[in-house]
Amino acid sequence: MTDSLSLHASPPECPDGIDDDCWLACVACGATYPPFDEVRYTCDDCDGLLEVRYADLPGWDAFSGRGVWRYAAALPFETGRTHAPGPDDPPAGVSLPEGDTPLYEAPTIEDDLGIERLRVKHEGMNPTGSFKDRGMTVGVGVADAVGVNRLACASTGNTSAALAAYGARAGMETLVLLPAGNVAAGKVAQAALHDARILEVDGNFDDCLDIVQELAARGEAYLLNSLNPFRLEGQKTIGLEILEQFHEEEGGYPDRIVLPVGNAGNTAALYKCFRELVQAGALDPEEVPKLTGVQAAGAAPFVEAIQSGADGVERWDSVETLATAIRIGEPVNAPKALPGVRETGGTAVAVEDEAITEAQRALARQGIGVEPASAASLAGLRKLRAEGVVDADERVVCLTTGHLLKDPEAAAAAGGKPEPVANDVGAVRSLLGS
């Protein structure tokens, strides 16, 4: 891990020759670049991941308004637009708007777990039904700033839905590559209705991402997967919202945040959020929540790396789980996310599909409707609590990343079955035992 990814790193200093308030820095070798001079996804020198850095890191008093753009002082642009960009508009994210999602109570689950406090951050309440909208409001704005005209992504579903919606709002052509037969129908329908061009690839998500990266390298599309450092800037607002909401409603901050891991973008983004708050003096290092990642047992390279102590992940060429949103064999943000788990004292755990489905049912019984990948966070918390890793006195937030209707077939399979009855009140009463 480079020193720049340490929770205790000093605030960054603006590099010589960079006039902007922010810049790009390689997390592997430290090379720096202007943010918008040209399209760049990885380091020119070593191909390492890039991260957005800022000359001035804001504290809590710098934020106002609601949603993602409440945190404009911590983002590359000043504001989000609610309209398609015009020729004289400054760079800004196209906003639908997004963010300001609820932090639910779940008292029955809390009692069942036997922990001090459980809250559920439901990112499925964003405009297209997932957390991906946070990244797209910033990422599509950057695409506009650098002058591209075709947006592209590989997707397990949610990224394609969000990119298609924000691309449509911005008036840009959108291309999405999906693994054939492995994306929930609700997500494909969203991308199609928002007029994206959809290509179904005979391969898995990682194969799709390989192709999109090649297209981006050729300059034929602007890549908006989480390899894009600007997308994670929008996603870090999840962490800012959790801390603000929890502090306002509960006092203090959560001890632990449990979240699903696919490409590990949210894990990396939340850790960046916490580091910046610490560097700004707005959060004490002892108050930083433990980041705890959860993967499905059939797609768990990140968990494997955490448990083995490895510096990086080994790609799983074969992955399988009903939680399609996290059916990923090579988390591209692992170099940023692994330090996040380790530096905060967190961990990672793999759970079986059956446990994910049961967690989805448990959340639904509390009125919280999520897709299977989202429920992985609760399934992981249950496992860690049973193993004694999570203590009874902990205050925990589970991050749920997508809405129940993202995968209606999985929801129908997990729920109760309709019962046929004759068109007669007597038959209904008889069935009810009246």
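Residues count as buried under 20% relative accessible area, exposed over 50%, and partly exposed in between, with a 1.4 Å probe and protein chains only as cover. The model is predicted, and local features need pLDDT of at least 70, side-chain atom pairs 80 or more, while totals for chains, interfaces and linings use all residues. Residues are numbered from 1 along each chain as its sequence is written, and side-chain values use heavy atoms, without hydrogens and water.

**Exercise 1. Which salt-bridge partners does E276 have, K236 and which residue of α8?**

Step 1. Begin with K236. The closest N and O atoms of E276 and K236 are 2.8 Å apart, and the two residues form a salt bridge. E276 sits in helix α8 and K236 in the loop between α6 and α7 (237–250), so this pair ties together parts 40 residues apart in sequence. Both E276 and K236 are buried.

Step 2. Turn to K272. K272 also forms a salt bridge with E276, and here the closest N and O atoms are 2.3 Å apart. Both K272 and E276 lie in helix α8, at a spacing of 4 residues, about one turn of the helix. K272 is buried, as is E276.

Step 3. E276 has a salt bridge to K236 and another to K272.

**Exercise 2. Name the residues that are linked with E105 in a network of salt bridges.**

Step 1. Side chains of opposite charge can pair when their charged atoms come close.

Step 2. The network that contains E105 also contains E110, R117, R119, E249 and E250.

**Exercise 3. Locate E51, decide whether it is buried or exposed, and list polar contacts of its side chain with R53 and R275.**

Step 1. E51 lies in strand β3. E51 is buried, because its relative accessible area is 2%.

Step 2. A polar contact is a pair of N or O atoms within 3.5 Å; within protein, one must be able to donate a hydrogen and the other to accept it, and residues adjacent in sequence count only if both atoms are side-chain atoms. The side chain of E51 meets that of R53 in such a contact of 2.8 Å. A second contact, of 2.7 Å, joins the side chains of E51 and R275.

**Exercise 4. Describe the backbone at D47, A264 and P97.**

Step 1. Most residues other than glycine have a negative phi, and most peptide bonds are trans.

Step 2. D47 is not a glycine, yet its phi is positive, about 70 degrees. The residue lies in the loop between β2 (32–33) and β3 (50–54). D47 counts as exposed because its relative accessible area is 55%.

Step 3. A264, also not a glycine, has a positive phi near 70 degrees. Its place is the loop between β12 (256–260) and α8 (265–279). A264 counts as buried because its relative accessibility is 3%.

Step 4. The peptide bond from L96 to P97 is cis, and its omega is near 0 degrees. P97 is found in the loop between β5 (93–94) and β6 (103–105).

**Exercise 5. What lies at the two ends of helix α14, and which residue caps its N-terminal end?**

Step 1. Helix α14 covers residues 425–432, and D424 caps its N-terminal end. A side-chain oxygen of D424 lies 2.9 Å from the backbone nitrogen of G426.

Step 2. After α14 comes G433, with a positive phi near 80 degrees.

Step 3. V421 is in the loop between α13 (408–414) and α14. V421 counts as partly exposed because its relative accessibility is 43%.

Technical notes:
Salt bridge = Lys/Arg side-chain N within 4 Å of Asp/Glu carboxyl O.
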